[in-house]
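Please keep the sequence and the model in view while reading.

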Amino acid sequence: MANDKLAKGKPARIILETTIFQEEEVFQNGFDEMGRIVSMNNNYYLRFVEKEGTHEVPTTIKISPEGNVNITRHAKHRTHLKFNDEADTYTNYQTPAGLLKLRVETKRMDLTYQSSPFAGDIEIDYLIHADETVLGSYQIRLRFTT
């Protein structure tokens, strides 16, 4: 999986589309920005800044050699989601009422790559649970190219 040409990092075009289904409502967000991709310790790291209105949210997506994906967003409260299509994962989310433990159920995850130019597609469909309650259904569609 490691790509020696990416050890020092390269600029990458990041196209991200997210869809959230919550309580009969659908929210969609998307952007097309420049970021950076780095290969380190056999993992790929995509780093970019999401723009949410007037806010900028530094975001890192880690892709492991096993095909697992982690997304860390540094908004007002840090969010760290782990996606594994073989097992549910857990994360903590800070709310005004306190820490909330969430379960991430990855329903579908597809990752594809090509080497020249280095590019890829990631599609993830997942549910987030708090206790036994489904908080929402989510879709991530990410395309990147160097």
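With which residue does the side chain of Lys-51 meet in a salt bridge? In this predicted model, the partner is Glu-33, and the N to O distance is 3.5 Å. Lys-51 lies in strand 3 (residues 43–52) and Glu-33 in strand 2, so the pair ties together parts that are 18 residues apart in sequence. Lys-51 is partly exposed, with a relative accessible area of 41%, and Glu-33, at 26%, counts as partly exposed as well.

**Salt bridges**

The structure holds 11 salt bridges in total, and three of these pairs are set out in the table.

| Side-chain pair | N to O distance |
|---|---|
| Asp-32 and Arg-13 | 2.4 Å |
| Lys-51 and Glu-33 | 3.5 Å |
| Arg-141 and Asp-125 | 2.9 Å |

In the pair formed by Asp-32 and Arg-13, Asp-32 belongs to strand 2 (residues 25–40) and Arg-13 to strand 1 (residues 10–22), so parts that are 19 residues apart in sequence are tied together. Asp-32 counts as partly exposed at 41% relative accessibility, and Arg-13 is partly exposed with a relative accessible area of 38%.

The salt bridge between Arg-141 and Asp-125 links distant parts of the chain, with Arg-141 in strand 10 (residues 133–145) and Asp-125 in strand 9, 16 residues apart. Both of these residues are buried, and they also take part in a network of salt bridges that links them with Arg-108, Asp-110 and Glu-123.

**Surroundings of Glu-105**

Asp-125 is also among the residues that Glu-105 touches, together with Asp-88, Tyr-126, Leu-127 and His-129, when residues up to four places away in sequence are not counted. Glu-105 lies in strand 8 (residues 98–115) and, because its relative accessibility is 18%, it counts as buried. Its side chain is joined to that of Lys-107 by a polar contact of 3.1 Å.

Tyr-93 is found in strand 7 (residues 89–95) and is partly exposed, with a relative accessible area of 33%.

Note on methods:
Residues numbered from 1 in each chain as written. Predicted model: local features only at pLDDT ≥ 70, side-chain atom pairs only at ≥ 80, totals over all residues. Heavy atoms only, no water. Helix = DSSP H or I, 4+ residues; strand = E, 2+ residues; numbered from the N terminus. Buried < 20%, exposed > 50% of the residue type's maximum accessible area, 1.4 Å probe, protein only. Polar contact = N/O pair within 3.5 Å; in protein donor to acceptor, adjacent residues only side chain to side chain. Contact = heavy atoms within 4.5 Å. Salt bridge = Lys/Arg side-chain N within 4 Å of Asp/Glu carboxyl O.
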